[in-house]
Amino acid sequence: MERFTNRNGDRKRVPALDGQTLYEVAIANDVLVGDAYTCHVVLTPESYSAHSPPLSEEIRFLDEVTGRSNTSRMASFLKLSSSVRETYVALVDVRDFEIP
């Protein structure tokens with residue numbers, strides 16, 4: 001399960017499968033994260049350290065991000081693993097989702 005939080009503090013918990021990217025999970029669950037090249041998200045420090053570190057291609061994209069933090073990731077590059085129980089994700093910019 002992955003937990004997304006938007007700028008308003010609204011939260012949405014969604015299912016995920018091993019090997020999916022965070023981007024794929026977001027799109028499948030109507031969470032707007034931008035396109036594959038503008039999908040900057042911020043993880044909690046615990047979630048960031050639980051995943052594999054970003055590879056050089058993702059770092060190149062992150063280098064172009066305004067407002068990058070120490071736990072920033074690109075959702076299209078972050079592959080999820082069943083070894084990580086939950087990933088806590090803060091959506092940045094103007095991205096939103098509806099809470100049913």
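Guide: Start with asparagine 29, which is in contact with Lys12, Val14 and Pro15, leaving aside its neighbours within four places in sequence. Contact here means heavy atoms within 4.5 Å. Before we go on, this is a predicted model, where local features need pLDDT of at least 70, side-chain atom pairs count only at pLDDT 80 or more, and totals for chains, interfaces and linings use all residues. Residues are numbered from 1 along each chain as its sequence is written, and side-chain values use heavy atoms, with hydrogens and water left out.

Visitor: Where does asparagine 29 lie?

Guide: For the elements, take DSSP runs numbered from the N terminus: helices are H or I with at least four residues, strands are E with at least two. Asparagine 29 lies in the loop between α1 (22-28) and β3 (40-43).

Visitor: Is asparagine 29 buried or exposed?

Guide: We go by relative accessible area: under 20% is buried, over 50% is exposed and in between is partly exposed, with a 1.4 Å probe and protein chains only. Asparagine 29 has 18%, so it counts as buried.

Visitor: And what does the side chain of asparagine 29 reach?

Guide: That one is a polar contact: a pair of N or O atoms within 3.5 Å, where within protein one must be able to donate a hydrogen and the other to accept it, and residues adjacent in sequence count only if both atoms are side-chain atoms. Here the side chain of asparagine 29 gets to the backbone oxygen of valine 25, at 2.8 Å.

Visitor: What is the phi of aspartate 30 like?

Guide: Aspartate 30 has a positive phi, about 60°, although it is not a glycine. It sits in the loop between α1 and β3, and at 60% relative accessibility it counts as exposed.

Visitor: How do I read strand pairing around β5?

Guide: Two strands pair if DSSP finds at least two bridges between them. Strand β1 (residues 2-5) runs parallel to β5, joined by 4 bridges, and arginine 3 has tyrosine 88 as its bridge partner there. β3 goes antiparallel with β5 over 3 bridges, with valine 41 partnered by leucine 91.

Visitor: What about the nonpolar core?

Guide: In soluble globular proteins, nonpolar side chains tend to be buried together. A nonpolar core is a set of buried Ala, Val, Leu, Ile, Met, Phe, Trp, Tyr and Cys residues joined through side-chain atoms within 4.5 Å. The largest one here has 18 residues, of which Phe4, Leu22, Val33, Val41, Val89 and Leu91 touch the most other members. α1, β3 and β5 are the elements giving two or more residues to this core, and α1 gives the most, with 3 residues.

Visitor: How many salt bridges are there?

Guide: Look for a side-chain nitrogen of Lys or Arg within 4 Å of a carboxyl oxygen of Asp or Glu. A search of the whole structure finds 4. In one of them, arginine 3 meets glutamate 86, with the closest N and O atoms 3.1 Å apart. Arginine 3 is in strand β1 and glutamate 86 in the loop between β4 and β5, so this pair ties together parts 83 residues apart in sequence.

Visitor: Which residues are linked with glutamate 86 in a network?

Guide: Arg3, Arg13 and Glu86 form a network of salt bridges. The arginine 13 to glutamate 86 bridge is 2.7 Å, N to O. Glutamate 86 counts as buried, at 11% relative accessibility, whereas arginine 3, at 30%, and arginine 13, at 42%, are partly exposed.

Visitor: Are glutamate 58 and arginine 73 buried or exposed?

Guide: Both are buried. They form a salt bridge too, at 2.7 Å between the closest N and O atoms. This pair links distant parts of the chain, glutamate 58 in helix α3 and arginine 73 in strand β4, 15 residues apart.

Visitor: Last one: how many aromatic pairs does the structure hold?

Guide: A pair of aromatic rings is described by the distance of the centres and the angle of the planes. Rings of Phe, Tyr and Trp (its six-membered ring) pair if their centres lie within 6.5 Å; planes under 30 degrees apart are stacked, over 60 edge-to-face and the rest tilted. The structure holds 1 such pair: phenylalanine 61 and phenylalanine 77, tilted, 5.5 Å centre to centre with 45° between the planes. Phenylalanine 61 is in helix α3 (residues 56-62) and phenylalanine 77 in the loop between β4 (72-74) and β5 (87-91), 16 residues apart. Phenylalanine 61, at 24% relative accessible area, is partly exposed, and phenylalanine 77, at 26%, is partly exposed as well.
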